[in-house]
2 protein chains.
Amino acid sequence: MVRKNELRDGETAIAAPPLNDAGLVFIGRIHTPWQDRLTCPRQGRQDGPTCRIEVFEPWVAALDGITEYQKIEVLYWLHLSRRDIVRQSPRNDGIARGAFSLRTPVRPNPIATQLVTLLGVDGANVLVRGLDCLDGTPLLDLKPDRCAFTPLAPPQPGDDQVGDDQVGGDSVGDGAP
Amino acid sequence: MVRKNELRDGETAIAAPPLNDAGLVFIGRIHTPWQDRLTCPRQGRQDGPTCRIEVFEPWVAALDGITEYQKIEVLYWLHLSRRDIVRQSPRNDGIARGAFSLRTPVRPNPIATQLVTLLGVDGANVLVRGLDCLDGTPLLDLKPDRCAFTPLAPPQPGDDQVGDDQVGGDSVGDGAP
């Protein structure tokens, strides 16, 4: 969050199509020390300040079991970001590159993902370190760190599928849809 | 993706509120070998089959620079998942736990995140290994792996903020909003 909503030299904005292919629900709110985009860290750090993730009802029951994990992944909605700049100039020096090669908040779907250190859970509140977002940011999801999580569900046929031999010409899914 | 849409013994479904706090746009489509949720891997593996991420216009320009990274993060929309089960039983054994302590596709906002190995880019197509989703899954975002990415933007005041001393009682953001 190191910019407001300006278009800079060298950047390319597109005419965004309708943004309603699917709908999100804000399941909580993130409380951090940062009140302005121009003071937020560029990236969260695991020794950063404690932040509080407030989970709204009716989703508080979904926290059950989360304290088994030391690291959790947080997904949140960068609600102030414009969404239409496909080539961006992070240094504002006229040199631009694609949004998908940057972790900029300005993206077609401004969803941030961050791996944080879980400090504890107190009712509907999850205390963590490692966030970098603005105070009041809407929460989308919490998940165990993928590295620490082992599926509990029974094995699936795809689990053991390696390389491309099994699927031959269809390996990149040329089938429907 | 190891279930269809059944509600199992011990699980808790909630009455979902309106799901329109924000809107998503599908920016591409993911092509994989898996045509049915019951055959998908439970987790992607870096030695798994090649999958093709097709990026739609007008977002293809946003791929510029992505080949600098060996690992990229893919966000996609689990379009077939129900969203209302807050306590789930992955083993279908009557024992349930919170959705936020699982990487289940059934979540209030069914957004999947996966770290994949980038094999190459051919026009609007990104070839990767490490996915686990159904053929035809809508694409939401591509980002460099957070571990490999160093911000290009100039430093920010929050970058060096560690611990809770600087912010005292406001460390968990009790301020507005």
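Start by selecting B:Asn92: at 47% relative accessibility this residue counts as partly exposed (buried is under 20% relative accessible area, exposed over 50%, partly exposed in between, with a 1.4 Å probe and protein chains only). Its phi is positive, about 55°, although B:Asn92 is not a glycine. You'll find B:Asn92 in the loop between β6 (85–88) and β7 (97–98) of chain B (strands are DSSP runs of E, at least two residues, and helices runs of H or I, at least four, numbered from the N terminus).

A word on what you have open: this is a predicted model, where local features need pLDDT of at least 70, side-chain atom pairs count only at pLDDT 80 or more, and totals for chains, interfaces and linings use all residues. Residues are numbered from 1 along each chain as its sequence is written, chains are lettered from A and ligands numbered from 1 in the order in which they are written, and side-chain values use heavy atoms, with hydrogens and water left out.

Now hop over to A:Asn92. Phi there is near 55°, positive in a residue other than glycine, and the spot is the loop between β6 (85–88) and β7 (97–98) of chain A. A:Asn92 counts as partly exposed because its relative accessibility is 47%.

Next, pick A:Glu57 and A:Pro58. The peptide bond joining them is cis, omega about 5°, and A:Pro58 sits in the loop between β4 (50–55) and β5 (71–77) of chain A. On chain B, select B:Glu57 and B:Pro58: a cis bond again, omega near 5°, with B:Pro58 in the loop between β4 (50–55) and β5 (71–77) of chain B.

Time for the interface. Show the contacts (heavy atoms within 4.5 Å) and 104 residues of chain B touch 104 residues of chain A. The buried area is about 9,000 Å², 53% of it from carbon and sulfur atoms; that is the accessible area (1.4 Å probe) the two parts lose on being put together, summed over both.

Last stop: select residues 22–24 in both chains. Strand β2 of chain A and strand β2 of chain B pair antiparallel over three bridges (pairing takes at least two DSSP bridges). Look for A:Leu24, whose bridge partner in β2(B) is B:Ala22.
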